[in-house]
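Here are my notes for your review. Please read them with the structure open beside you.

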Amino acid sequence: MPENDIIMEVNSLKKYFPIKKGIFRKVVGNVKAVDDVSFYIKKGETLGLVGESGCGKSTTGRCLIRLLEATAGEVKYRKNNKMINLNDLDKKEMKNMRRDIQIIFQDPFSSLDSRMSVRDIIAEPLKLNKIGTKKERTDRVRELLRKVGLRDYQMNRYPHEFSGGQRQRIGIARALALDPEMIVCDEPVSALDVSVQAQIINLMKDLQEELGLTYLFIAHDLSVIEHISDRVMVMYLGKIVEIADADSIYIDPVHPYTEALLKAIPVADPRARNIRLPLEGSVPNPANPPKGCNFHTRCPYAKEKCSEIEPELVPIDSDQEHFAACHFVEELNLDGYVKR
């Protein structure tokens with residue numbers, strides 16, 4: 001693929017949280033939240049990131065924009081047709097770069113300052129970056145409120161006066177204030193009712209088309225990911241286990257963990273036979289991950305090789321668009337969601 005099509009490239013990203021014990025807080029180990037993750041994001045696409053709670057999705061998203069400092073690895077972002085490693089930038093350089101990369105948080109209430117009016121919340125990024133006069137910033141707030149489906153007069157209200165869906169619209173407006181090119185969406189609809197989720201997702205798709213945005217969309221709900229994503233990345237215990245376009249993931253998964261996630265999607269038909277794929281045991285401790293493949297302790301297809309050798313994330317098609325980390329990709333015939 002032409003390099004100009006890639007807006008962000010992540011190489012061997014790691015984020016370890018130290019485990020400290022004793023009076024002197026000696027480091028006795030590490031929680032490997034993100035462990036050697038590599039991927040790329042194309043300009044204008046939505047890359048979905050899915051997995052169970054605690055697998056490292058949100059940590060990955062926050063490391064991309066340096067809300068968390070990575071332990072190791074590169075996060076390269078294309079700026080003025082040049083790839084810049086964000087992890088090499090100082091605070092001032094990173095502040096300027098954040099005009100291009102914003103984030104929408106999961107909880108639409110705790111992410112908004114309850115003591116600030118909507119006008120001040122949305123205008124704050126403009127004020128911090130010294131953009132425009134007070135009147136120009138107010139005009140920009142009006143414009144953004146209209147874009148996200150709210151009214152001008154609501155800018156003088158406070159977050160507690162809005163519903164969850166409206167609060168998330170305010171969060172989206174704030175993320176758009178500086179005209180970013182890319183937005184990390186950290187489970188933006190998981191705290192909302194299902195009917196409101198659909199409204200927010202449709203709004204985000206419309207904004208993407210209108211403004212040419214690029215999304216990294218983090219979620220644990222595969223039905224949401226299917227609706228909005230161009231490509232899907234599946235994560236388990238800090239590692240990427242499969243990457244493919246959305247259709248391939250749902251119709252023809254090649255990793256057993258992806259199959260298990262698809263089997264867990266509820267079917268909206270009481271007469272349907274929902275055949276689930278049982279997973280033995282629980283998620284291993286990320287401070288002490290199993291040897292070999294991380295998933296082998298729960299995988300119904302695991303063999304002796306899986307507990308000894310860690311599989312690499314490699315392309316499994318000639319177009320190099322479908323990647324998987326499994327020793328038995330060629331041998332397994334897994335069920336997709338559409339086949340049920």
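**Notes on the fold**

1. Strand E4 (residues 72-79) and strand E5 (residues 82-85) run antiparallel and are joined by 4 bridges. Keep in mind throughout that this is a predicted model. Lysine 79 stands opposite lysine 82 in E5. The hairpin has 2 residues between its strands, and asparagine 80 takes a positive phi near 55°.

2. The open sheet. Which strands form it, and in what order? The sheet has 8 strands, ordered E6-E7-E8-E3-E9-E10-E12-E11. It is open, and its pairing is mixed. Strand E6 (101-104) and strand E11 (314-315) stand at the edges. Each has a single partner strand, so one side of each is left without a neighbour in the sheet.

3. Strand E3 (residues 46-50) pairs with strand E9 (residues 231-236) in the parallel sense, over 4 bridges.

4. The largest nonpolar core. This core has 57 residues. Ile172, Met204 and Phe217 have the most contacts inside it. Helix H6 (residues 194-211) gives the largest share, 6 residues. In soluble globular proteins, nonpolar side chains tend to be buried together.

5. Around methionine 204. What does this residue touch, leaving out residues up to four places away in sequence? Methionine 204 touches Ile104, Ile172, Cys185, Pro188, Tyr215, Phe217 and Ile228. Ile172 and Phe217 are also, with Met204, the residues with the most contacts in the core.

6. Helix H3. Which residues of H3 (residues 118-128) are buried? They are Val118, Ile121, Ile122, Ala123, Pro125 and Leu126. Their cover includes helix H4 (134-147) and helix H5 (164-176). Lysine 130 follows H3 and has a positive phi, near 55°.

7. The cavity. A search of the whole structure finds 1 cavity of 30 Å³ or more. The largest cavity has a volume of about 70 Å³. It is lined by 13 residues, and Pro256, Cys293, Cys299, Cys306 and Cys326 lie nearest its centre. By class, its lining has 10 nonpolar and 3 polar residues, with no charged residues.

Key
Residues numbered from 1 in each chain as written. Predicted model: local features only at pLDDT ≥ 70, side-chain atom pairs only at ≥ 80, totals over all residues. Heavy atoms only, no water. Core = buried A, V, L, I, M, F, W, Y, C linked by side-chain atoms within 4.5 Å. Buried < 20%, exposed > 50% of the residue type's maximum accessible area, 1.4 Å probe, protein only. Contact = heavy atoms within 4.5 Å. 1 Å grid on protein atoms, 1.4 Å probe; cavity = no way out; pocket = protein on both sides within 12 Å on 5 of 7 lines; lining within 4 Å. Points joined across faces, edges and corners; volume = space filled by probe spheres on them. Nonpolar A, V, L, I, M, F, W, Y, C, P; charged D, E, K, R; others polar. Pairing = 2+ DSSP bridges.
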